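Please open the model and keep the sequence beside it. The notes below take you through it point by point.

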Amino acid sequence: MTSKNSKSKFGKDLETNLESQGSSTGQTASEKISISQRLSGKVCIITGTGGSMGRAAALLFAREGALVVGCDLQADAAQATVDAVHAEGGMMVSLQPCHLDQPVGCKALVDFAIRSFGRIDVLFNNAAMAYFNWLEDIGDEEWDQSHRDEVDLVFYLTRAAWPHLKTSRGVVVNTASLTASMSFKNLPSLAHSTAKAGIIGMTRQLAMEGREHGIRANSISPGIIETNQTREQLKDPEWAGTMLGKTLLGRLGRPEEVANVALFLASGESSYVTGIDIVVDGGMKVW
């Protein structure tokens, strides 16, 4: 957790960092930002920053001038992301461990962001834990856990952040999945598919409810991305071969390629885009 002086400390660090960037190029800080940084000064909460896609997003958003607020259940992995962002000269704080499946944990993260930076401009609901099993093998506990770890955490955190997003006329980006709209005979994804279809529906409703407050909401549906969660599955050559055979580009996606889409949706470049789901799948949905 941060001290009462955290906001002023981060403000001074940011000011010093921007001044040094400007002096090295002969530009003022404001001139440099206007040219190259798409999230300059924006306070962006990114969940799951200890994971592959969360880390890629944190690094990219920070490079684009964002003040990043991260979180994760895995404290060491989350701190490694903070260290990586700081090593590049970016601004990031993180709360870990953070239990997003509980309303109190989501409120704590929002309060942490406000104490640190004073506002929230972007909420990237990236964190989730997927469960895979065939219908007859899914127990009640696993079914309920899937809902908590893929749907509830998005609802609880968005609800907690909503008043601040209304103030900033902010942006919500949610991570869904290609499995929300496609099924694969070698992927027992009933619980996961159901949960991520719920995320797409939730996103559409958030866009509708946010319209009067200037809030945009969109989702991203990644296909097969090489992450910590998919790495074990990809060790099965038959499974990996089948899934890659469905990909027009003939390769796995990279976390950075999902982060690039999240950046577009978080930035002003997508100012006329809301209520949609963008598929990032290397062409899997084509056939």
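1. Start at Arg169, in the loop between α6 and β5 (171–175). Helices here are DSSP runs of H or I with at least four residues, strands are runs of E with at least two, and both are numbered from the N terminus. Arg169 has a phi near 55°, a positive value in a residue other than glycine. Most residues other than glycine have a negative phi, and most peptide bonds are trans. Arg169 is exposed, with a relative accessible area of 56%. Buried means under 20% relative accessible area, exposed means over 50%, and partly exposed is in between, using a 1.4 Å probe and protein chains only.

2. A word on the source. This is a predicted model: local features need pLDDT of at least 70, side-chain atom pairs count only at pLDDT 80 or more, and totals for chains, interfaces and linings use all residues. Residues are numbered from 1 along each chain as its sequence is written, and side-chain values use heavy atoms, with hydrogens and water left out.

3. Now look at Gly170, in the loop between α6 and β5. Is Gly170 buried or exposed? Gly170 counts as buried, at 4% relative accessibility. Leaving aside neighbours within four places in sequence, Gly170 is in contact (heavy atoms within 4.5 Å) with Asp121, Leu165, Gly214, Ile215 and Arg216. Gly170 and Ala217 are 47 residues apart along the chain, and their C-alpha atoms are separated by 8.8 Å.

4. Step back to the whole protein. There are nine helices and seven strands. Of the 287 residues, 49% are buried. Take the contacts between residues at least 6 apart in sequence: 73% of them join residues at least 24 apart.

5. Next, a helix pair. Helix α6 (residues 140–168) packs with helix α7 (residues 190–210) at an angle of about 15°, and their axes are 8 Å apart. Axes are lines fitted to C-alpha atoms, for helices over the stretch in contact, and angles run from 0 to 180 degrees between N-to-C directions. So α6 and α7 are roughly parallel to each other. Angles under 35 degrees count as roughly parallel, over 145 as roughly antiparallel, 65 to 115 as roughly perpendicular, and the rest as oblique.

6. Who meets whom here? On the α6 side, the residues include Trp143, Ser146 and Phe155; on the α7 side, they include Leu190, Ala191 and Ile199. The residues of this contact divide into 11 nonpolar, five polar and three charged. Ala, Val, Leu, Ile, Met, Phe, Trp, Tyr, Cys and Pro count as nonpolar; Asp, Glu, Lys and Arg count as charged; the others, Gly among them, count as polar.

7. Ala191 is found in helix α7 and is buried, with a relative accessible area of 4%. Not counting residues up to four places away in sequence, Ala191 touches Tyr131, Ile138, Trp143 and Ser146. Ala191 and Asn133 are 58 residues apart in sequence and 7.6 Å apart in space, C-alpha to C-alpha.

8. Compare a second pair. Helix α3 (residues 52–63) and helix α9 (residues 255–266) have axes that come within 8 Å and cross at roughly 50°. That makes α3 oblique to α9. This crossing of α3 and α9 is right-handed. Residues in the contact include Met53, Ala57 and Phe61 of α3, and Val258, Ala262 and Leu263 of α9.

9. On to the interior. A nonpolar core is a set of buried Ala, Val, Leu, Ile, Met, Phe, Trp, Tyr and Cys residues joined through side-chain atoms within 4.5 Å. The largest nonpolar core has 36 residues, and Ile45, Val69, Leu100, Leu109, Leu157 and Leu165 touch the most other members. Helix α6 gives the most to this core, with eight residues. Apart from this core lies another, of 31 residues, among them Leu39, Ala57, Ala62 and Val261.

10. From Gln96 to Pro97 the bond is cis, with omega near -5°. Pro97 is found in the loop between β3 and α5.

Key:
A crossing is left-handed if the near helix is turned anticlockwise from the far one by less than a right angle, and right-handed if clockwise.
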